[in-house]
Amino acid sequence: MKGVKQEPFGIVLAGGKSRRFGTSKTLAEVGGLPMASRAVAVLKRAGLSVGVISSEDGLNEVLGVEVRADVEPEKGPVGGLLTALEWSKQIRRSGVFLLGCDMPLMSAKVVRALLSMRGDHSAVIPISIRGAEPLCGFYDSSCYPKVREVLDSQDRSMHSLLRLLKVREVPPIGGSEGLWTDQVFFNVNTREEIFVAERMLAQQKSIEVGE
């Protein structure tokens, strides 16, 4: 589209309370840094400008970036993606790179690699041992109608959305630096998993907020 900047907008999706975690995970620390701060840093190191979607108060001062609440609250990650795409349109970007705040082992090199694979796909999603990782991927602005369709349906899951999109699926790529393995998609859902993530960080010092 003429006049639209082609670089996507980096969005950290930082939801509210987590049932399994007990409270918000956004500012829970892993390796001495809040998980949301790690996610913001990863996207910045990947060369993106960054915003955060969250309903929590005071995050903009802590994270140093603009924070917006969902335009349609309580609709899960797909609702967050809708907000992200509307935000990216306002600032004239081609789409968003969405990153959940609870992947503390994520690498900027993974983000850059996924962005390099966009082509004419409407989404680029990594595949881990658990399957598709929809909260770590690129979504073109053209996804908006399908996002709207899913939000208006009974199944508002991200996996339901992916079935409607032209998705490039990218499997884990092991390299000499070990920066793209299943570990980078490790998701912290409980307080116990914080300790697991910290052990992984200690064992793989090459996987950190910035390379």
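Trp 87 is buried, at a relative accessible area of 3%; buried means under 20% relative accessible area, exposed over 50% and partly exposed in between, with a 1.4 Å probe and protein chains only. The model is predicted, so local features need pLDDT of at least 70 and side-chain atom pairs count only at pLDDT 80 or more, while totals for chains, interfaces and linings use all residues. Residues are numbered from 1 along each chain as its sequence is written, and side-chain values use heavy atoms, with hydrogens and water left out.

**Overall make-up**

- The protein has 7 helices and 10 strands. These are DSSP runs numbered from the N terminus: helices are H or I with at least four residues, strands are E with at least two.
- Of the 211 residues in the protein, 50% are buried.
- Take the contacts in the protein with a separation of 6 or more: 69% come from residues 24 or more positions apart. Contact means heavy atoms within 4.5 Å.

**Rings and charge**

- The count of aromatic pairs is 1. Its members are Phe 9 and Trp 87, with ring centres 5.1 Å apart and planes at 70°, so the pair is edge-to-face.
- The rule takes rings of Phe, Tyr and Trp (its six-membered ring) with centres within 6.5 Å; planes under 30 degrees apart are stacked, over 60 edge-to-face and the rest tilted.
- Phe 9 belongs to strand β1 (residues 9-13) and Trp 87 to helix α3, so the pair ties together parts 78 residues apart in sequence.
- Phe 9 is buried as well, at 5% relative accessibility.
- Elsewhere, the charged end of Arg 118 sits over the ring of Phe 138, 5.4 Å from its centre. That call needs NZ of Lys or CZ of Arg within 6 Å of the ring centre and within 35 degrees of the ring normal.

- Strand β4 (residues 50-53) is covered on both faces. Val 50 and Val 52 are buried on one side, Gly 51 and Ile 53 on the other.
- In a regular strand, side chains alternate between the two faces of the sheet.
- β4 pairs with β1 in the parallel sense over 4 bridges. Pairing requires at least two DSSP bridges between the strands.
- Leu 13 stands opposite Ile 53 of β4.
- β4 also pairs with strand β5 (residues 67-68), in the parallel sense over 2 bridges. Here Val 52 has Val 67 as its bridge partner in β5.

- Val 52 lies in strand β4 and is buried at 0% relative accessibility.
- Val 52 and Leu 98 are 46 residues apart in sequence and 9.8 Å apart in space, C-alpha to C-alpha.

**Helix α5**

- Val 147, Val 150 and Leu 151 are buried in helix α5 (residues 144-151). They cover an arc of only 100° around the axis, which puts them on the same side of α5. The arc is taken from the directions from the helix axis to the C-beta atoms.
- The cover over these buried residues includes α3 (76-90) and α6 (158-162).

**Cysteines**

- The disulfide count is 0; a disulfide is a pair of cysteine sulfur atoms within 2.5 Å.
- Cys 101 is buried at 5% relative accessibility, and Cys 136 is buried at 0%.
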